[in-house]
Amino acid sequence: MILLTGFEPFGGDTANPSWAAARSAARLLQSEGLDVQAVELPCVFGESAKVLAEALERFTPELVLCAGQAGGRARISLERVAINCDDARIPDNAGNQPVDEPVVPGGPAAYFTSLPVKAALAALSAEQIPAEVSQSAGTYVCNHVFYTVMHALRLRPGTRGGFVHVPYEDTQLPAGSSAPSLPAAQMAAALAVVVRTALATTADLKLPAGATH
């Protein structure tokens, strides 16, 4: 069973393409015969982790792919590292604004994704979907959820998980905006590609996809 998650809108936006992409990707993968569930997470520190934990208990997935919006990025970002730090530049949807607080007190400094991000990058590139391996999921609720899922999966041998950031959706932006964006259908297709690649890949590829700064 596969669990996909996305977020509710935040920061004054009226939509969040990560949730639209997760729902559409779930329908696409279901049409291929896969058992997939999509769950919307609140953009709230703590509460998002609670909803995620409940979904893990309810569905007992073998693969978890969480998605969030990273406005300003131009590509699908395959996140490599989740860090044990909440440091919110803006309040979340409940008004919380933690600064330099651990996601999990006493937890490891960081977790690496257990998804094959290099293989997923190659698969996305083959589909002409702009993508990158990202070395930072930030310190907002997206990283909070990424760290939470990896911390939980340490107790679930055989279950793999990770996080993907998506750009703005093109219809989300005002006319004349120069902010990068992608069509909703392409973002949904990207999540489906990542899932298919993870299901088909036991050992990740070794190819250059690092950062120079």
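Predicted model: local features only at pLDDT ≥ 70, side-chain atom pairs only at ≥ 80, totals over all residues.
Six strands form an open sheet in the order β2-β1-β3-β8-β4-β7, and the pairing is mixed. Which strands stand at the edges? They are β2, residues 36-41, and β7, residues 131-134. Each has a single partner strand, so one side of each has no neighbour in the sheet. On average, neighbouring strands here are turned by 25° against each other, with direction ignored.

As a reminder, strands of a sheet pair through backbone hydrogen bonds, in either the parallel or the antiparallel sense. For β1, residues 2-7, and β2, the sense is parallel, over six bridges.

Helix α1 covers residues 17-31 and lies across β1, β2, β3 and β8. In residue numbers, β3 is 63-69 and β8 is 160-166. The helix α1 runs at about 155° to β1. Together, β1, α1 and β2 make a β-α-β unit, and that unit is right-handed. Helix α2, residues 47-59, lies across β1, β2 and β3. Its direction is at about 160° to β2.

Now the aromatics. How many aromatic pairs does the structure hold? There are four. I'll take one of them in detail, Y111 with Y147. The ring centres are 5.0 Å apart and the planes are at 55°, so the pair counts as tilted. The pair links distant parts of the chain, with Y111 in strand β6, residues 110-112, and Y147 in helix α4, residues 141-153. The two residues are 36 apart in the chain. Are these tyrosines buried or exposed? Both Y111 and Y147 are buried. Elsewhere, F10, F45 and Y140 form one aromatic cluster.

On to the cysteines. The structure holds zero disulfides. C85 has 22% relative accessibility, so it counts as partly exposed. For C142, the closest cysteine sulfur is in C43, at 6.8 Å. C142 counts as buried because its relative accessibility is 8%.

Last, two backbone angles to look at. D100 has a phi near 55°, which is positive although the residue is not glycine. Where does D100 lie? It is in the loop between β5, residues 81-83, and β6. With 58% relative accessibility, D100 counts as exposed. Q128 also has a positive phi, near 60°, and is likewise a residue other than glycine. Q128 is found in the loop between α3, residues 117-126, and β7. Its relative accessibility is 70%, so Q128 counts as exposed.

Key
Residues numbered from 1 in each chain as written. Heavy atoms only, no water. Disulfide = S-S within 2.5 Å. Buried < 20%, exposed > 50% of the residue type's maximum accessible area, 1.4 Å probe, protein only. Phe/Tyr/Trp six-rings, centres within 6.5 Å; stacked < 30°, edge-to-face > 60°. Helix = DSSP H or I, 4+ residues; strand = E, 2+ residues; numbered from the N terminus. Pairing = 2+ DSSP bridges. Axes fitted to C-alpha atoms, helices over the stretch in contact; angles between N-to-C directions. Contact = heavy atoms within 4.5 Å. Right-handed = clockwise from strand over helix to strand, strands pointing away.
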